[in-house]
Amino acid sequence: MEILTQLEIVEERYEKLNELLSDPDIIGDSKKLMELSKEQRSIEKTVFVFREYKDILRQIKEIKELLDIENDKDMKEMMQEEVKELENKINPLEEKLKILLLPKDPNDEKNVVVEIRGAAGGDEAALFASDLLRMYTKYAESQGWKIEILEYSEIGIGGIKEAIFTVSGEEVYSKMKFESGAHRVQRVPTTESSGRIHTSTATVVVLPEVEEVEVNINENDIRVDTFASSGAGGQSVNTTMSAVRLTHIPTGIVVSMQDERSQIKNKEKAMKILRARVYDKFQQEEQEKFDAERKSKVGTGDRSERIRTYNYPQNRVTDHRIGLSLQKLDQIMEGKLDEIMEALRIAEQTEKMKELNKGNSL
């Protein structure tokens, strides 16, 4: 299907949505109203840019028709200059429209559940996991997002074995989705007396947060176990059975939660993580079937894939998926991730554009 035809279909759908959103039956159905409003917002920018593009083509056509009958030399020159200015706007708008037509990840607007764990490297890996948590917290603050810690397990020297948290805000998954994978650090550990550079890793998993209606989890498929929770290092033993362990029997996914004193709150938090993990597992399986022979250049989605190296002695961060190296490690660890996120987004768009451009033009 040609891009122009696709754009006309999108515009027709936008007009139809305007009609539907004025329908009293739709206005009275809050769920349907929300769905249609969301769909309208998702295509609104495409429609506005397309209309601007068509308006410029119309202006050029009208001026050229007038040029054929205009006899005044000065007027002709002025009109030709106007045509040139309008024509200069066409290519940028065409490129913009191509990007707007790229297939959108249905999860891009979702909030996320992020899991960070120390991997290879013992205490140093746990310390680096803590540094990553701080980095993402600062990045979230810069974006105006909200973070809620669901699970936090630390070691005595200030590192973390595991941190699970949600990030809520505008289009969180669209930016955070590139962070899943193994993050490698090269530095002299604070615990190292000889000054040798060590290499350690921490893993990050970013899952789209899902509502109950988005993933069908049968309650009969969940085994719920309760147990007494304990604080850091086994201290502050809570004699009430407030800790909760949920096991999704069909997939074998297990989530434990003991942060809250209330068993009900722990179960709610555990369910949030469980839904995200089950949804992600089903999504990964579907993607493997659909994309078995072709992998995205931005990353395979393999959670064990080494995606980035943080080299402290050289103040350098390298993203291995796109070959990007920045001598800004100190800034990046302070949450200044915009440059990396934008480069990854452009790389993803470039791959999609290659597919779209095969035989397509405006």
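## Arg275 in helix H8

Arg275 lies in helix H8, which covers residues 263–290. This is a predicted model. Is Arg275 buried or exposed? The relative accessible area of Arg275 is 13%. Buried means under 20% relative accessible area, so a residue below that cut-off falls in this class. Arg275 is therefore buried.

Arg275 can also be placed relative to Leu207. In sequence, Arg275 and Leu207 are 68 residues apart. In space, the distance between them is 9.8 Å, C-alpha to C-alpha.

## The chain as a whole

The chain has 362 residues, and 40% of them count as buried. Its secondary structure consists of ten helices and eleven strands.

Contacts between residues at least 6 apart in sequence can be sorted by separation. Of these contacts in the chain, 62% join residues at least 24 apart. The chain exposes about 20,600 Å², and carbon and sulfur atoms supply 48% of that area.

## Helices H1 and H3

Two packed helices are described by the angle between their axes and the distance between the axes. Helix H1 spans residues 3–20 and helix H3 spans residues 30–67. Their axes come within 9 Å and cross at roughly 130°. H1 and H3 are therefore oblique to each other. The crossing of H1 and H3 is left-handed.

Which residues of H1 and H3 make the contact? On the H1 side, they include Leu4, Leu7, Val10, Tyr14 and Leu17. On the H3 side, Leu36, Ile43, Val47, Phe50 and Tyr53 are among them. Charged residues also take part, including Glu8, Glu11 and Arg13 of H1 and Glu39, Arg51 and Lys54 of H3. By class, the contact of H1 with H3 has twelve nonpolar, three polar and eight charged residues.

## Two loop residues with positive phi

Glu171 is found in the loop between strand S3 (160–168) and helix H7 (172–176). Glu171 is not a glycine, yet its phi is positive, at about 50°. The relative accessibility of Glu171 is 39%, so Glu171 counts as partly exposed.

Asn315 lies in another loop, between strand S9 (306–311) and strand S10 (316–319). What is the phi of Asn315? It is near 50°, a positive value in a residue other than glycine. Asn315 has 25% relative accessibility and therefore counts as partly exposed.

Key
Residues are numbered from 1 along each chain as its sequence is written. This is a predicted model: local features need pLDDT of at least 70, side-chain atom pairs count only at pLDDT 80 or more; totals for chains, interfaces and linings use all residues. Side-chain values use heavy atoms; hydrogens and water are left out. Axes are lines fitted to C-alpha atoms, for helices over the stretch in contact, and angles run from 0 to 180 degrees between N-to-C directions. Helices (H or I, at least four residues) and strands (E, at least two) are DSSP runs, numbered from the N terminus. Angles under 35 degrees count as roughly parallel, over 145 as roughly antiparallel, 65 to 115 as roughly perpendicular and the rest as oblique. A crossing is left-handed if the near helix is turned anticlockwise from the far one by less than a right angle, and right-handed if clockwise. Contact means heavy atoms within 4.5 Å. Buried means under 20% relative accessible area, exposed over 50%, partly exposed in between (1.4 Å probe, protein chains only). Accessible areas come from the Shrake-Rupley method with a 1.4 Å probe; for residues, only the protein chains shown count as cover.
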